[in-house]
Amino acid sequence: YSPSDSIFGSLYLYDQAGDLIDAIGAVEVYNTVGDIEFSMSVPSSGSFEFKLDQFSIPGMWRLNAKFDNIETNKNVEVNEVKNVDTWLEGNVLFVRNIGNVDYIDPIQINLESGNNKVDVVKETILKPNQTIQFDLSKEVSEGGEYSVKTPNGITGNVIFQGKSKIGSTIAGWIAIGFLFVFFVFMVFRMGKKLSGSYPKRDIKEVRELGRNTLERRKLVNVAK
C-alpha cells in the first residue's frame with residue numbers, strides 16, 4: 001500500500017458447523033511504531049474501509065480483528081514515498097515535502113535568462129509536510145525574466161528588477177575616504193619633520209648671545 005491508499009476488509013465469524021455467527025467484532029489498525037491509527041466496530045459478515053494518511057509512516061502495519069476472546073491479525077506494508085512539491089509566489093520559491101520520509105537530498109534550483117544561467121543548491125532537511133521558502137531575488141545579480149527549474153520540473157517564470165551597484169559604490173567611497181585620511185596623515189607627518197629639522201637652541205645660549213650683543217652696542221657707544 002502507498003500513502004493515501006484505502007485498505008478494505010471484511011469480518012466473518014463461523015461456528016464449528018461452519019454456520020455464520022451473528023456477533024459484533026472490532027477492527028484495529030496499528031502503525032509501524034505500535035500506535036493505533038484506526039478502530040471500528042464491525043458486525044460479522046460486515047466490511048470496513050481505512051484510508052491511509054498522505055504522510056503515513058512507512059513500514060509494516062498490523063490489522064487486528066477480534067470477537068470477544070477470538071482474535072486474529074494480518075500485516076500490511078506501507079511503502080516509502082520521497083517527493084517534494086514546488087511553487088512560486090512572486091519571487092519566492094516554496095518547497096514542501098509531500099512524502100512520508102525526511103527529504104534530505106540537496107534542492108537544486110536552476111535560473112535561466114537568455115545566456116545568463118544561475119545554479120543554486122540548497123542543503124536542507126525537510127520533515128514530512130514541512131515547507132521551506134527561498135527568496136530567489138537574492139540569488140541573481142542581473143535583472144530580467146528568469147525561468148525556474150526545480151527537482152520536480154519547471155515551476156514557472158520570475159521577473160527581477162535590475163540591481164543597482166550599491167556594493168561597488170560603497171566600496172568606492174570607502175577607498176576615497178581612505179586615500180583622503182592617508183593624505184592628511186602624510187601632510188601632518190611631513191609638517192612634523194620640517195618643524196623638527198631646525199634644532200632648538202638652549203636657553204642659556206640665547207641669553208649669552210643677547211648679552212654679547214648688548215656689550216657690543218655699549219662699546220660702540222663709548223667709541224663714539
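Which residue in β13 is the bridge partner of Ser147? That partner is Asn157. Before going on, this is a predicted model: local features need pLDDT of at least 70, side-chain atom pairs count only at pLDDT 80 or more, and totals for chains, interfaces and linings use all residues. Residues are numbered from 1 along each chain as its sequence is written, and side-chain values use heavy atoms, with hydrogens and water left out.

Strands here are DSSP runs of E with at least two residues, helices are runs of H or I with at least four, and both are numbered from the N terminus. Two strands pair if DSSP finds at least two bridges between them. Strand β12 (residues 144-150) pairs with β13 (residues 153-160) in the antiparallel sense, over 7 bridges. A hairpin through 2 residues connects β12 to β13. Strand β9 (residues 107-113) also runs antiparallel to β12, with 3 bridges. There, Glu112 has Ser147 of β12 as its bridge partner.

Next, the surface. Tyr12 lies in the loop between β1 (6-10) and β2. Its relative accessible area is 47%, so Tyr12 counts as partly exposed (between buried, under 20%, and exposed, over 50%; 1.4 Å probe, protein chains only).

Last, confidence. pLDDT is the predictor's confidence in each residue, from 0 to 100. The protein's mean is 81, and 72% of residues reach 70 or more. Strand β2 (residues 24-30) is highest, at a mean of 97, and helix α1 (residues 166-196) is lowest, at 48.
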